[in-house]
Each structure stands twice: as C-alpha cells, then as structure tokens.
Amino acid sequence: MHKNGISKILGIETSCDDTCAAVIESSAENRAGYPVQNFDLYGTKLKILSSIVSSQTKLHEKYGGVFPSLAKREHQKNLAAVLNQAIRSSGVKNGKKEKQTENGLAEKIKNLKMIFGKEDDFFRSTIDFLKKTNRPDVEAIAVTNGPGLEPSLWQGINFARALSLWWELPIIPVNHIEGHIAANFIGREKNDPIAAEIFPAICLVASGGHTQLMLMEGIGRYKTLGESRDDAAGECFDKTARILGLGYPGGPAIAKTAKKFDPQNSELKIKLPRPMMFTKDYDFSFSGLKTAVLYDFKKRSEKIQRSKNYAKAMAYDIQESIIDVMVYKTLKAARVLQARSIITGGGVTANEKLGSRFRSEIAKLYIQPYFLTPAKDLSADNAAMIAAAAFFNLDKISSWKRIEANANLKI
Ligand code: KG4
Ligand code: ZN
C-alpha cells in the first residue's frame with residue numbers, strides 16, 4: 001500500500017497502434033515493513049495481474065507503417081473489449097454497483113457527452129460497457145498522455161477519462177518513455193539487491209517512434225543525453241525491411257533474415273555506414289542508413305535484388321549497424337557517467353542480438369554495470385508498463401477534467 005492508499009492500478013495505453021489494458025498490483029513496504037511514502041524500488045514488488053494487447057499490425061501492413069486515422073478508429077472499436085478482458089482475467093473483484101441518484105447520473109452522462117464530443121459511436125460503446133460493468137477493485141487509472149500519435153493518444157485518454165468520471169477513480173498521466181523504462185522493474189522480488197544498486201543508470205529506449213539515451217539518477221529523475229535527429233531505430237528497421245520486401249514490422253523480419261546469413265561463407269559482403277557512431281554527443285541518426293540501403297538496392301540488378309542471399313546480407317548489416325551505434329554510444333555514456341546499470345526498453349530491445357551484444361561488451365569492461373532488459377512481452381508497447389510507471393508518479397494524481405494528450409511530451 002502506498003500513500004494515497006493505492007495498491008492496484010488499471011493501465012491503458014494507445015499511443016501508437018496497439019490497444020492495451022492491464023492491471024498491476026504493487027506490494028510496497030519500506031525496509032522496516034511500513035507503508036512507503038516515496039516509491040522505493042528496493043522495497044516494492046510490481047506484479048502483473050493481467051495484461052492484454054490487441055495488435056493492429058495486420059491492418060497497417062499494407063502501408064508499411066502506422067496509418068493514424070485507421071489506428072484511431074481501431075482503438076475506438078477495441079478499447080471496451082480489451083478493458084473487459086483485462087478486468088476479467090486479472091481476478092480483481094468487482095466493486096459494488098455505484099449508487100447513482102438520478103441527478104448524479106444525468107450529470108455524468110452530460111460530462112461523458114462532453115468528453116466524446118462528436119464521436120457518437122465511441123460514446124455509445126463506452127456507455128454500454130460502463131452500464132454493464134461494476135467498478136473493479138482498483139484505486140486508480142493510469143493512461144499514457146504522450147509522446148505518441150495524437151489521434152491514438154486521445155482515444156485512450158478519453159476512454160480513461162470516462163472510466164474515471166463514471167467510477168469516481170483518480171487518474172494518473174504517464175509518459176510512454178518512462179513506461180518502457182518501468183517495464184524493467186515489473187516482477188522483481190522485494191529486496192532484490194539489484195534494485196538497491198542500479199542508480200545512476202543509463203537508459204536506452206528504442207522503439208518505432210523513439211531512440212533516446214537518458215541518465216536516470218533515481219525514480220522519476222531523468223536527464224536526456226541524446227536522441228535520434230531523424231528516424232528512430234525501429235523506424236529504420238521498418239523502412240529498410242520495406243525496401244527489401246521483407247514485410248512489416250521490419251525489426252523482427254530483419255532479425256529473422258539476418259540470422260540466416262553466414263558472414264564467413266558469403267561472397268556478398270555489404271558494409272553500410274555506422275551513422276554518428278563516433279560523434280562527441282549522444283545523438284543518433286538513422287535516416288542516412290535507410291538512404292544507403294536504398295542506393296545499394298537501386299544499383300543492383302533485378303536478379304540480385306530478388307535473391308535471398310542479397311536480402312540476408314543486407315538484413316545482417318542493417319542489424320549490425322544499428323546495434324554497433326546503439327551499443328557503442330550507450331556504453332560510452334555508462335563509462336563517462338559512471339553508471340551502475342544499463343537499462344533498455346522499447347520494441348527494438350526485443351532484438352536478441354542487441355541483448356547479447358550488450359552482454360558481451362559489458363563483460364569486457366573492468367567495472368561492469370548491471371544490464372536490465374524487459375521480459376520479451378514487456379519490451380513492446382503494453383499497458384502493464386504504464387500502470388507500473390504510474391506507481392512512480394503517485395504525486396501526479398489528477399482528475400478526468402485535467403488530462404490531455406501531448407504528442408511531443410518530454411521525459
Ligand atoms: O515499442 P514498440 O512496440 O512501439 C513503439 O513505441 O514504437 O516498438 C515497435 C518497433 C517497430 O519498429 C519494430 O520493427 C521494432 O520495434 N521491433 C524490433 C524487434 N521487434 C520489434 N526491432 C528489432 N528487432 C526486433 N526483434
Ligand atoms: Zn513504445
């Protein structure tokens with residue numbers, strides 16, 4: 001139990017193309033066994049009671065990336081069902097049906113209409129769901145308020161505002177990037193020695209929308225060291241996979257194709273650039289890598305363009321290039337800032353080769369930081385990480401009236 005009496009949080013995430021809902025429970029005690037005042041990683045266990053992700057990947061495949069108006073419509077269609085499943089599979093009890101006076105109900109419906117504006121269908125599906133569903137036994141609702149695609153963000157936010165209004169629960173806005181970091185702290189046992197020793201940490205969040213390197217001095221204390229000046233690492237995987245005809249999302253497709261390449265026994269050797277690897281700052285740039293792939297592709301004969309060997313050689317060096325740059329810059333930051341750990345998160349960090357390269361490079365260091373990476377199903381977008389990060393932000397507790405989307409929210 002935390003200050004504010006919060007121990008279970010319902011999370012909602014719709015910043016991109018996945019519709020996600022989850023319930024997280026935090027058992028928190030300080031080292032003497034009392035309820036904590038400030039969030040203490042060492043004394044806390046964050047446990048997933050449920051986590052549902054409804055992916056729209058198939059729908060966006062033909063565009064080779066996320067199509068915002070389609071994502072918005074799908075979130076509206078899916079949110080009630082995804083939340084219903086998250087509540088039911090969490091095992092949390094249903095609270096009593098709220099006693100509504102007629103005036104109170106009319107007031108709530110009036111406010112709901114205000115929240116949904118002209119989105120009639122979304123209003124109707126939400127009110128149908130609310131009328132059927134008792135308030136679950138949670139103490140707050142967490143929702144991603146940015147960064148992300150604005151139309152996508154608003155759907156999760158308006159839905160969360162509706163739940164908050166109807167069930168009279170507070171609402172906690174969560175930064176999506178902090179969510180990716182928080183994914184690393186889910187499921188750790190209380191008094192895990194690593195949790196007591198990880199700060200200062202260097203965090204690398206790499207996804208379809210972001211590539212960001214941060215210094216994390218403690219829970220809620222971040223300094224951005226650098227970020228991508230153009231395409232994100234995941235975006236580069238997606239765009240180059242499209243050039244090579246490997247499908248969407250590009251990251252897993254490139255990783256799978258690269259695995260089949262044997263650099264020792266191939267006549268085809270491709271050496272792509274390692275953009276900004278040795279610059280003094282901590283920024284990244286991946287659009288030049290995409291251009292280099294496109295140039296190489298265009299100068300090949302059609303026969304080579306279509307050959308499996310070419311796709312394998314290309315996929316291999318695209319992956320190597322992105323890994324080389326990200327690992328080099330992250331380790332440099334860790335050395336310079338004397339970090340005690342390296343924390344990763346975001347869809348790209350599901351890449352197995354990236355994880356193994358981090359481990360092998362860290363093993364070569366004289367002073368070795370801990371390496372934290374989320375469980376595989378928690379590296380990509382999910383709502384469990386948003387509910388987990390809400391426990392870091394109990395002081396941001398707010399009401400449905402004040403939550404807004406901020407597509408460019410900074411950490
Ligand atoms: O975190 P995420 O699910 O969504 C965003 O916040 O963007 O990340 C999605 C990105 C996509 O660009 C996808 O291609 C990439 O993560 N990705 C991968 C892998 N799995 C997903 N990139 C490289 N290797 C993977 N195994
Ligand atoms: Zn993400």
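**Close-up views of a predicted model**

**View 1. T257 sits in helix α9, which covers residues 250-259.** The model shown here and in the other views is a predicted one. T257 has a relative accessibility of 12% and therefore counts as buried, the limit for that class being under 20%. Which residues touch T257, apart from its neighbours within four places in sequence? They are L246, A311, K312 and A315.

**View 2. Five strands make up an open sheet with mixed pairing.** The strands follow one another in the order β3-β2-β1-β4-β5. At the edges are β3 (44-55) and β5 (171-175), each of which has a single partner strand, so one side of each lacks a neighbour in the sheet. On average, and with direction ignored, neighbouring strands of this sheet are turned by 25° against each other. Strands of a sheet pair through backbone hydrogen bonds, and the pairing is either parallel or antiparallel.

**View 3. Strands β1 and β4 run parallel.** Strand β1 comprises residues 8-13 and strand β4 residues 140-146. How many bridges join β1 to β4? There are four. A142 in β4 has G11 standing opposite.

**View 4. Helices α2 and α5 lie across strands of the sheet.** Helix α2, made of residues 68-90, lies across β1, β2 (18-28) and β3. The angle between α2 and β2 is about 30°. Helix α5 lies across β1, β4 and β5, and α5 runs at about 155° to β4.

**View 5. Helix α3 spans residues 102-116.** With 15 residues at 1.5 Å a residue, α3 should span 21 Å, and this agrees with its end C-alpha atoms, which are 21 Å apart. Just after α3 comes G117, with a positive phi of about 50°.

**View 6. Helix α3 has buried residues and exposed ones.** Buried in α3 are K108, N111, L112, I115 and F116. Down the axis of α3, the buried residues fall within an arc of 130°, so they line one face of the helix. Which residues are exposed on the other side of α3? These are E102, N103, K110 and M114. The cover over the buried residues of α3 includes α4 (120-132) and α5 (150-167).

Notes
Residues are numbered from 1 along each chain as its sequence is written. Chains are lettered from A and ligands numbered from 1 in the order in which they are written. This is a predicted model: local features need pLDDT of at least 70, side-chain atom pairs count only at pLDDT 80 or more; totals for chains, interfaces and linings use all residues. Side-chain values use heavy atoms; hydrogens and water are left out. Helices (H or I, at least four residues) and strands (E, at least two) are DSSP runs, numbered from the N terminus. The expected span of a helix is 1.5 Å times one less than its number of residues. Buried means under 20% relative accessible area, exposed over 50%, partly exposed in between (1.4 Å probe, protein chains only). The arc is that of the directions from the helix axis to the C-beta atoms. Contact means heavy atoms within 4.5 Å. Two strands pair if DSSP finds at least two bridges between them. Axes are lines fitted to C-alpha atoms, for helices over the stretch in contact, and angles run from 0 to 180 degrees between N-to-C directions.
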